[in-house]
Amino acid sequence: MTDTATVGSRAPEITLQDQYGQDIVLSSLRGGPVLVVFYPLAFSGVCSGELADLREHHAELKALGVTVLAVSVDSTFALRTWSDREGFPFALLSDFWPHGATARAYGVFDDQRGVARRGSFLIDAEGTVRWTVHTPAGQPRDVKEYIDQARRLAG
């Protein structure tokens, strides 16, 4: 599948429930940068490590004004259990139904496996994609790269 959310394009709208059942709407977060991180599945090894690393560096991103949204095809119930156990300070969004529709809109849905691929998108205050990275399955992303890109965006 091709990447439909490319640098310079308008970020596809996101309206998904977080781990607490609250609707999160990307366009309502305008005015500050948003980092959207797609990952395959909660509780899996690489994803757990990635989100733990993101948790450890969350204060740095928050200091740069970045809102973090982590998106998977897991149910809100699974995400709540995982979030409570791991203490994630950011929203975990459920792309459960229609299954993977948001991941598809961003061009990162893996039809073979039925999960999102590892794609990250830094969106500016006006809703434009300013940076993106895609990482192969089984390979964690570098959270410090998120911070570097957020600093560049902040100028």
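**Reading burial, strands and rings**

Colleague: Why does Cys47 count as buried?

Modeller: Buried means under 20% relative accessible area, exposed means over 50%, and partly exposed lies in between (1.4 Å probe, protein chains only). Cys47 has 0% relative accessibility, so Cys47 counts as buried. This is a predicted model: local features need pLDDT of at least 70, side-chain atom pairs count only at pLDDT 80 or more, and totals for chains, interfaces and linings use all residues. Residues are numbered from 1 along each chain as its sequence is written, and side-chain values use heavy atoms, leaving out hydrogens and water.

Colleague: Where does Cys47 lie? Which residues is it in contact with?

Modeller: Helices (H or I, at least four residues) and strands (E, at least two) are DSSP runs, numbered from the N terminus. Cys47 lies in helix 1, residues 45–56. Contact means heavy atoms within 4.5 Å. Beyond neighbours within four places in sequence, Cys47 is in contact with Tyr39, Pro40, Leu41, Trp82 and Arg118. Arg118 also touches Thr135, a residue of strand 9 (residues 129–135).

Colleague: How many residues of strand 4 are buried? Which strands pair with it?

Modeller: Two strands pair if DSSP finds at least two bridges between them. Strand 4 (residues 67–72) has five of its six residues buried. Strand 3 (residues 34–38) pairs with strand 4 in the parallel sense, over five bridges. Here Val36 stands opposite Leu69. Strand 5 (residues 91–94) pairs with strand 4, also parallel, over four bridges. There Ser72 stands opposite Ser94.

Colleague: What unit do strand 4, helix 3 and strand 5 make?

Modeller: View the strands pointing away from you: a crossover is right-handed if the path from the first strand over the helix to the second runs clockwise. Strand 4, helix 3 (residues 76–86) and strand 5 make a right-handed β-α-β unit.

Colleague: How many aromatic pairs does the structure hold?

Modeller: Rings of Phe, Tyr and Trp (its six-membered ring) pair if their centres lie within 6.5 Å; planes under 30 degrees apart are stacked, over 60 edge-to-face, the rest tilted. The structure holds eight aromatic pairs. One of them, Phe38 with Phe121, is edge-to-face: 5.9 Å centre to centre, 90 degrees between the planes. Phe38 lies in strand 3 and Phe121 in strand 8 (residues 118–123), so the pair ties together parts 83 residues apart in sequence. Phe43 and Trp82 form a tilted pair, 5.7 Å centre to centre, with 40 degrees between the planes.

Colleague: Is Phe43 partly exposed or buried? And Trp82, buried or exposed?

Modeller: Phe43 is partly exposed at 38%. Trp82 is buried at 0%.
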